Amino acid sequence: MEFDTKTPPYLTSDKSSFAYISARDRWPVIVTQAIDDLYRSVSQCEDSEKRDEGKKIVEELSRLKYELQHDRQLTPIRDDGGADVALYNTELEQLGTPSWFNIPWLFCECYLYRRLNTSFRLSTHWKTYDVFYRQKIKTFRSSRPAVIELAARYRDLVTQIGQNKKTGTEHDEAQKILFFEMCEICLWGNATDLSLLTSLTYEDIQKLQGSEARKASEKNILVNDLAATYEVLKKAKNEGKKERRVDIVLDNAGFELYVDLILAGYLLSSGLATLVVLHPKSIPWFVSDVLPADFAALLSALADPKRFYETPSDDEKLQDTIPPPLPEKDAADLGFLFQEWARMHAEGQLIMRPNAFWTHPGSYWRLPFMEKDLYDDLKTSEVVIFKGDLNYRKLTGDAAWDPSTPFVEAIGPLGPGSGVNVLALRTCKADVVVGLKPGQDEEIRATEGDSDDNGARKWAWSGKWAVVSFSEGK
Ligand code: F6P
Ligand code: MG
């Protein structure tokens, strides 16, 4: 397409790529899990009309899985009223209506979730059903120890910020360390070992240069531009800019959304931002991505944490297990978080701004040309934080760049001069990676045992390594 990278995108036909592995091994499992979830809901249906319609959708998903597994040509997205249907079908035509194993990975994976969604949007009784909802809330509920520990530490921190009158470099140094801590927790998202956190009392932080665990985790962060990012936010604050906005283009629901809100709450409490705009998806996407309903579900869980954690889930009922009671102290810490976030949301400091662009098939190279209003809106932000792997793939066009290509080059029209400050907080779960030092990719391949002859960059598939890349576009 005319606005895309000249560097070729990763293709599902490339057997040395995670594109191929995803298509062959992961997508059939994801569709099967969707079928199982829907079947479970259908079997609980009282209304026969809704039940019959649900069974019809199960058949459609089974057909999709068959086409995928037998490498059939992709079929046009049926018109379900979505403005993006034409976008998907035009691009499918321009690609020559290829089959599942001979197509750009990024387009095909977006097509998969958009195709899934048509079966629900074309229905009468299942229009807004989210086949991934059960998985998302279950993951969040199973992160209970990490959720509670982080709530307690966050409460200490915000209380200290409120009481602390330190000024000058001492204050600034402590705030910078905290900023790094919060961003690194946010980066690792569902890493539930909270050993990333130092004890968060202000005094301790001023002494600490970061916990041992943080040092250990830092060695897996291959690019770390947090210092430059912090300077941009600090400068805007010191210049006395009245409204200082930070955007978070969200990734996954559950624990990752929880830590994103922890970061947002910290940015607002510390004064590094006066407004945080969250960008969720508008349809069920890549299994765990955030929908507005997931934000509501998280807040309602925190509004009554004892009910949320002490009411047995369907699985616990089946296994006849009683969830452990929630201690009063933990319930109070979670309640504090709820009050904080509900207040920020009520006061308009923390807002959700959906946009269909985030579930379009193309890369973010197209943003300035295809979604000018959103592009202009993002320009008013001090920093736009893009969370997770898919966002990174879309920023870089999911193209087979040389890994030493500068990040600012790989993000094309969103780079220097774009008017947008871009921060990617990305744990690597795909082939594309840029901004490495020359030879660094080869080094990691050697240590991770990837130096086999088929050239697969397997180390970049595991989520074990991360890049924190910043581009100053203003
Ligand atoms: O790794 C498989 C995959 O589906 C990738 O295609 C995609 O980029 C990623 O998972 C989604 O990860 P994240 O939720 O971090 O964007
Ligand atoms: Mg995701």
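How many nonpolar, polar and charged residues are in the lining of the largest pocket? I counted by class and got 10 nonpolar, seven polar and 12 charged. My classes put Ala, Val, Leu, Ile, Met, Phe, Trp, Tyr, Cys and Pro as nonpolar, Asp, Glu, Lys and Arg as charged, and the others, Gly among them, as polar.

Housekeeping first: this is a predicted model, where local features need pLDDT of at least 70 and side-chain atom pairs pLDDT 80 or more, while totals for chains, interfaces and linings use all residues. Residues are numbered from 1 along each chain as its sequence is written, and side-chain values use heavy atoms, without hydrogens and water.

**Largest pocket.** I found about 820 Å³ of space here. A pocket is an open set of points on a 1 Å grid over the protein atoms alone, where a 1.4 Å probe fits, with protein on both sides within 12 Å along at least five of seven lines; lining residues have an atom within 4 Å of a point. The volume is the space filled by probe spheres set on the points, joined across faces, edges and corners. R134, I137, K138, R141 and S313 are the closest to the centre among the 29 lining residues. I saw that α5 gives the largest share, eight residues. Helices here are DSSP runs (H or I, at least four residues), numbered from the N terminus.

**Second largest pocket.** I noted about 670 Å³ for this one. Its lining has 27 residues, with R26, F286, V287, S288 and K429 nearest the centre. This time α1 gives the most, six residues.

Terms used:
Chains are lettered from A and ligands numbered from 1 in the order in which they are written. Helices (H or I, at least four residues) and strands (E, at least two) are DSSP runs, numbered from the N terminus.
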